[in-house]
Amino acid sequence: MTEKDFDALAAECIAETDRLVRANGPRLAGSNASRRTAQALAGELSTFCNDSGLEVFTAHPDSFFGYMKFLPPLYLAGIASFYMPRPYTFAAIILLVVGLTMMVSVFWLYRHSFDRLFRPASCANAWGVIEPAGKARRQLVLSGHHDSASIMRLFQGPFSRFTGPILGGTYLFIAIELALLVARIIGSPIGGAAGTAGAAAVGGAAGGTGSAPGLAPWALALLCLGLPFVVAYFFVVDMRKGGPGAGDNLVSSVMAVMMGRWLAERRDDYLKDTRLVIASFDAEEIGLRGSSHFFRQRGKDFGDLPTAHLNFDSLYDRDELHVITKDLNGTIPLDEGMRRELMAAAEDCGIELRPFAMGFPLGATDAAESARAGLASASIVGQSTEV
């Protein structure tokens, strides 16, 4: 492929991405707009693939950020519980621990543990298979995702600098509140003067002895200091509004489709014994639900052939191309051999492809789910990593 071909392909990718964004707008997972986009991509795949279609599945879109709406009210309830009998303190501890467990499970580890607590929605992956010129001896999956993210208010403009303090501050004050709640349970003297005289009576009513209801002024002031963080935390994500999702990540899906078409037209040269699978995942922005479903359902179809997965995400800037070393908040290592091959190939093309680890709370790419399924996996992003 000549440089001119690359330029033409890039221009075509951008034009098609622009058309789909204008036609469908924001594409939150489970929305009609996201499904229409999947249908459009599947329709294009059907024109040159040996097999193609839509893979419809059920996801629970609100599950991924739902804990952010639970924790702030639980924090306020925890403060109130200090002024109530001790059983309410036990309840506050349990609920806060459940909320934090939800955060770790859903947002940190991308597990599906709490999904069924939230409304279901129909989502769709688009896929296509291009058979090689000869007998298939290996397979390569190329992918992007077509759903767009919910609006992250604090990631917009000058407010982005406060994201870290708000997230970290919220968890810090919840930890402090939990420590004070446990201190009350074990009888440490954190109660205020209001309850000192009647401690015995209240203790009896609550079913035991311990500190009086209320909080010492210093403890109450400390918890109130956390209120701005907790309130801001509640409003960080607008779960009902999505961004245009052009760079993150429709352009990658369009690029994968167009690369597939280009290779299908030249399969005698480039696909002698390699089966190519093109996939555009839905529900990536709510915890990789689309790729999770895809690799669980299609894993058995891959058979015994060696299979690799190359994913693309957030292709904004050619000068900021990175290949992920650890995905899913730094918990899943991606394939080192594949990463080295990609870096060497990029160097041959005069492109710098730098390694980067996705630490907490930067999230994940769809390569994490194929790695979980045991495939050799890599993910390329084209975005500044300063955030």
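Is E16 buried, partly exposed or exposed? I get partly exposed for E16, at 24% relative accessibility. My cut-offs: buried is under 20% relative accessible area, exposed is over 50%, and partly exposed is in between, with a 1.4 Å probe and protein chains only.

Ground rules before I go on. This is a predicted model, so local features need pLDDT of at least 70 and side-chain atom pairs count only at pLDDT 80 or more, while totals for chains, interfaces and linings use all residues. Residues are numbered from 1 along each chain as its sequence is written, and side-chain values use heavy atoms, with hydrogens and water left out.

**Entry 1: salt bridges**

I looked up salt bridges, taking a side-chain nitrogen of Lys or Arg within 4 Å of a carboxyl oxygen of Asp or Glu. The structure has 13 of them.

E16 is in one: its side chain meets that of R19 at 2.8 Å, N to O. Both sit in helix α1 (residues 3–24), 3 residues apart, which puts about one helical turn between them.

R22 counts as exposed at 67% relative accessibility, whereas D18 is partly exposed at 37%.

Next I checked R354 and E320, whose salt bridge comes out at 3.5 Å, N to O. R354 is in strand β10 (residues 354–357) and E320 in the loop between β7 (307–315) and β8 (321–327), so this pair ties together parts 34 residues apart in sequence. Both ends are partly exposed: R354 at 27% relative accessibility, E320 at 22%.

I also noted a network: E12, E44 and R261 are joined by salt bridges that share partners.

**Entry 2: aromatic pairs**

For rings of Phe, Tyr and Trp (its six-membered ring), I call a pair when the centres lie within 6.5 Å; planes under 30 degrees apart are stacked, over 60 edge-to-face, and the rest tilted. Searching the whole structure gave me 15 aromatic pairs.

I picked out Y67 and F107, a tilted pair with 5.8 Å centre to centre and 50° between the planes. Y67 belongs to helix α3 (residues 67–81) and F107 to helix α4 (residues 86–108), so to speak a link between distant parts of the chain, 40 residues apart. Y67 is buried at a relative accessible area of 1%, and F107 is buried at 13%.

Then F281 and F294: this pair is edge-to-face, 5.3 Å centre to centre and 65° between the planes. F281 is in strand β6 (residues 274–281) and F294 in helix α11 (residues 289–298), so the pair connects parts 13 residues apart in sequence. I find both F281 and F294 buried.

Y67 and F107 turn up again in a cluster linked by ring pairs, together with F64, F65, W108, Y110 and F360.

**Entry 3: charges over rings**

Which ring does the charged end of K69 sit over? That of F234, at 4.7 Å from its centre. The test I apply is NZ of Lys or CZ of Arg within 6 Å of the ring centre and within 35 degrees of the ring normal. R298 lies over the face of W127, 4.3 Å from the ring centre.

Terms used:
Helix = DSSP H or I, 4+ residues; strand = E, 2+ residues; numbered from the N terminus.
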